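Hi! Here's the structure I said I'd pass on to you.

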Amino acid sequence: MSYSDAVYSKAYAILNERRNRAIALCDNKKAEIFSRLPRAEEIERELSSCSINAARAVFSGGDTKAQLEALSNTSKTLKSELEALLASKGYTLNDLEPQFTCKVCEDRGQVEKDNKTLTCNCLKELLKECACNEVNSLSPLSLSTFESFDLSYYPETDTADGVNPRRRMTQIFNYCKNYAKTFTLASKSILMRGSTGLGKTHLSLSIANELLSKGYSVVYVSAPDILFQLERAHFSYNYDKEQELLDTLSNCDLLIIDDLGTEFATNYTNAQIYNIFNNRILLRKPVIINTNLTMKDLETSYTPRFVSRVMGTCDKLDFVGRDIRPQKN
Ligand SMILES: [Zn+2]
């Protein structure tokens, strides 16, 4: 997994902020405790001199066993005294230690194991999140929720082919709500089809918002934007950038590709769309694809291989009704 310098510096900035904050909060708490309980500060000093003496004893050699045992007993007694003292004013021993977000690396992002420096899982998560945010920064991600989706825009009278738009859209709405509610990394992929202005973007962003609030990494891209970015990176030989984008699209928990079919299609974009989708399917990770194209258009615009892959793996939601945007205005 490769990330740009920008993504690394953002992730490290967040880690530093977490660590500094934990230390500052602890310093304040300690100052408060020591002003109320001066003996607690003395005990802390005595405890640290115990551990310094223990280290000295080990270095100086001789009968270290007896010395260390005595020191360990003193420190145990001091600790229980401290604990009781703190409890008398409603504090605990934890109040004297910084409460780091990650207990494993103490918000440093790295851990030492078998003489090797390893990236802590918390930093891996953070890098993934920052890379997603970078892609999402171009999207109107915060605008849509299930609560703001209004079913009353969809007519209750059947269309010529016998579909009741209100009923169909209620089913689709419930499907999407349930999808967000029960989402796991093994959830199915979805193909949302239907003309412009029927709520595909709104419902897919509602899913995105709900999953983001649950801590999943979601990337929302419009097909023309992301394909343009990829193509520009590729043809200006910026292969690192191209790979970083592709990795982010592959690795996020849910990828949403909006407006498929409105991109300026080239051999490159068609191949990339297939690769992006296929990679996700191979990794068993869900994708939501939104398109205005009919089945027939899809078949003429993309390779049969792509269309059959999409049809074979996605739950299909066919949006119906009248364009709701003029109605809203
Ligand atoms: Zn960590």
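Just after helix α3, G90 takes a positive phi of about 80° (helices are DSSP runs of H or I with at least four residues, strands are E runs of at least two, and both are numbered from the N terminus). By the way, this is a predicted model, where local features need pLDDT of at least 70 and side-chain atom pairs count only at pLDDT 80 or more, while totals for chains, interfaces and linings use all residues. Residues are numbered from 1 along each chain as its sequence is written.

Back to α3, residues 64-88: its end C-alpha atoms are 36 Å apart, which agrees with the 36 Å its 25 residues should span at 1.5 Å a residue (the expected span is 1.5 Å times one less than the number of residues). Its buried residues are L71, L82 and L86, buried meaning that 20 or more other C-beta atoms, placed from the backbone, lie within 10 Å of the residue's own. Part of what covers them is α2 (38-60).

Now the sheet. It's open, with five strands in the order β4-β5-β6-β3-β7 and parallel pairing (two strands pair if DSSP finds at least two bridges between them). β4 (218-222) and β7 (314-318) are at the edges with a single partner strand each, so one side of each has no neighbour in the sheet. β7 pairs with β3 (residues 189-193) in the parallel sense over five bridges, and D318 in β7 is the bridge partner of R193.

Notes: A residue is buried if 20 or more other C-beta atoms lie within 10 Å of its own, exposed if 12 or fewer, and partly exposed in between; C-beta atoms are placed from the backbone. Two residues are in contact if their C-beta atoms, placed from the backbone, lie within 7 Å.
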